[in-house]
Amino acid sequence: MARGRIVVNEELCKGCELCLAVCPKSLIHMATDRFTPKGYRPAELVDPEGECTGCAICSTICPEAAITVYRWVPAKKAVPLGE
Amino acid sequence: MAKELLKGNVAFAEAAIRAGCEAYFGYPITPQTEALEHMAARMPELGRVFLQAESEVAAINMVYGAACAGVRVMSSSSSPGVSLMMEGLSYIAGSEVPVVLVDIMRGGPGLGNIAPSQGDYNQIVKGGGHGDYRPIVLAPATVQELIDLTVEAFDLAEKYRTIVVILADGSLGQMMEPAELPPMREVRKFDQRPDWALTGAAGRDPNVISSIYIDPNEEEVFNLKLVEKQKAIEAHEVRYKSLVVEDAEIGVVAFGTAGRIAQSSIRQARDEGIKVGLFRPISLYPFPYRELREATENLKRILVVEMNGGQMVEDVRLALEGAVPVDFYGRMGGVVPLPDEVLEQIRQVHHSLAEPA
Amino acid sequence: MTDTEGMVESLIYTKPRSLTPTGTHYCPGCTHGIAHRLIAEVIDEMGVREKTIGVAPVGCAVFAYQYFNMDFAEAAHGRAPAMATGLKRVSPDRVVFTYQGDGDLASIGAAEILHAAGRGENITVIFINNAIYGMTGGQMAPTTLPGQRTTSTPVGRDIEMHGFPLKMCEILAQLDGAAYIVRRSLHDPAHIRKAKKAIRQAFEAQSQGLGFSMVELLSSCPTNWGVSPGDALKWIEDHMVPVFPLGDYKVHPAIQNGRKS
């Protein structure tokens, strides 16, 4: 199972592809089967092998703060998901 | 409180302090610099804010910022400096934050000179900055009126969330007269600042103060709101003084220092048997159209006296709508007409009325 | 839900509280969005959202007040430092910052920024330098590079006609009132992280009452530069950084002494 995962808010994503360029494992792709409500191709995580580490480099560069990043960490370091 | 001998510029600055003015931002310009200097000494003494800005452009924007923070704030300047403030005043009007400005007019246009003038009536009374707005404009003729109107200005500015301009000239700024200052009013505390002010969004939704309405339909709604505000101001804030107009044949209409000079001329004219009265508008906006009409529509001739080339005279003609012929006498360039000069004009009008048609 | 090894799925990053949920009008890939995010993250981390007042410029960020979840004022073009001065002087315990582009700060607002820095106004300025006028459609800015094509320099900025770009960090760092003047860039994740640290340092300088702080951020304008968002970031690295060197131009001793390693 992947250590990390991302969720892209398609209300906000403008398909700029900056996240795609910086992901160290090239796990982000632009969806080809749909558009966002604003008419952009949204970014999405495609991670069949479970390689995402939740490094958050993608969310560091996202101009829209559209990316939410999760990572499995030791319990005492966790931040509640509902934040 | 007892009367003291006060210079106009110092009087309005101290009056503002007594009215609870918390911040003053200004720039030196003759003939009003004494106000800045008085504020420079007094405001820090009282723990209030004073800053000499780098220009009048900066000063009015500092005023704008402080007004957004919900405090009583003012600036003062003279004609060329006020021109620099026009952008800021338009933004302030478009944001509906209360601001008081004292304009001590001088000879112009351009660099002009430092002598007294009334040449900025059109600029101030008709708005000044771009867009559809009208500041309240009050025109004192004595140092006491300057004090009283400055204090009122802060209350009016807050009552209507608008700009109030005290429109005076260099002679009033420089002259020294006995006058009474009001007692000191306490400055408002932080938690007494208005709900709309920018104080930090603690326990409430954020406040945004802005003059941008990118959608024309929304801009029009805002413009109409200002129109409604103006109607309220016009209904309630007219101020004027009239002197022996009831049995007059000739009415002199003049504001500020010109009104004061005309008052001397009228006394002398009355002694000579000429039936002349004085109508002195104090609120230039809202202009006393109705009151002027009622006071003078049965007179035979109006003489408007101004220290400019003919600016308020247009509002007088508008008020009378042709009911009475209106003559104009003006001196420009910073020249101050003397009472004898104005008396001679009154005599000429009087003689022309006696002539066969 | 804890797994057998005592691990839990944790939230690593989400949109900061100091930003509103509203989507922005900025072009796809525009670094304004990154700058907004970093400021919001810093304000959240410092816990000062409820006492912060921002001043928006005239420029692409004219609607910044719609994107930041805090009290905001809209200034006239270039006048934000003067407005911020008024706000801060009458409310000294609030956090006041301006957000300005290269036309707003270095052209029409040149006098206001100079004097705010000279006076040591206790405000923080975030200066977005993308070497062009974005909102009005791509004209020359005071920071446009020699030879750079814009709509008002169609054959490239000619030094003979238009002079040289203004380097605002270098200029303002000479002033005694300036406490923290630094230039960073937003062209890749490593530089973005450094930019965030600088923004945090600038707001800390304000909260310590050290004087005027400014962070200049080399930024992109893909639309008016006529390149893709990714290529625009490369252009910053290749062309802007040599002209506008990154670094610390003025650092108040109190900040230097407090620095670790």
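What share of the contacts in chain B with a separation of 6 or more comes from residues 24 or more positions apart? In this predicted model, the figure comes out at 79%.

As for the overall build, chain B has 12 helices and 15 strands. Its radius of gyration is 21 Å, close to the 21 Å that the globule rule gives for 357 residues, so chain B is as compact as a globular protein of that length. Laid along its principal axes, the C-alpha trace of chain B spans about 75 × 50 × 40 Å. Of the 357 residues in chain B, 53% are buried.

In soluble globular proteins, nonpolar side chains tend to be buried together. Here the largest such core has 219 residues, and the ones with the most contacts inside it are B:Val63, B:Val252, C:Leu87 and C:Ile126. Helix 3 of chain B, residues 56-68, gives the most to this core, putting in 10 residues. Both domain 1 (3-201 + 212-236) and domain 2 (240-354) of chain B supply at least three residues each.

C:Leu87 deserves a look of its own. Leaving aside residues up to four places away in sequence, C:Leu87 touches B:Gly65, B:Ala66, B:Cys68, B:Ala69 and B:Leu198 from chain B, along with C:Ile53, C:Ala73 and C:Val96 from chain C.

On to the chain pairs: two are in contact, and chains B and C share the most contacts. Chains A and B, by comparison, are joined by no contact, and their closest C-alpha atoms lie 19 Å apart.

Note on methods. Residues are numbered from 1 along each chain as its sequence is written. Chains are lettered from A and ligands numbered from 1 in the order in which they are written. This is a predicted model: local features need pLDDT of at least 70, side-chain atom pairs count only at pLDDT 80 or more; totals for chains, interfaces and linings use all residues. Helices (H or I, at least four residues) and strands (E, at least two) are DSSP runs, numbered from the N terminus. The radius of gyration is taken over C-alpha atoms; the globule rule is 2.2 Å times the number of residues to the power 0.38. A residue is buried if 20 or more other C-beta atoms lie within 10 Å of its own, exposed if 12 or fewer, and partly exposed in between; C-beta atoms are placed from the backbone. Two residues are in contact if their C-beta atoms, placed from the backbone, lie within 7 Å. A nonpolar core is a set of buried Ala, Val, Leu, Ile, Met, Phe, Trp, Tyr and Cys residues joined through C-beta atoms within 7 Å. Domain bounds come from an automatic or database domain assignment.
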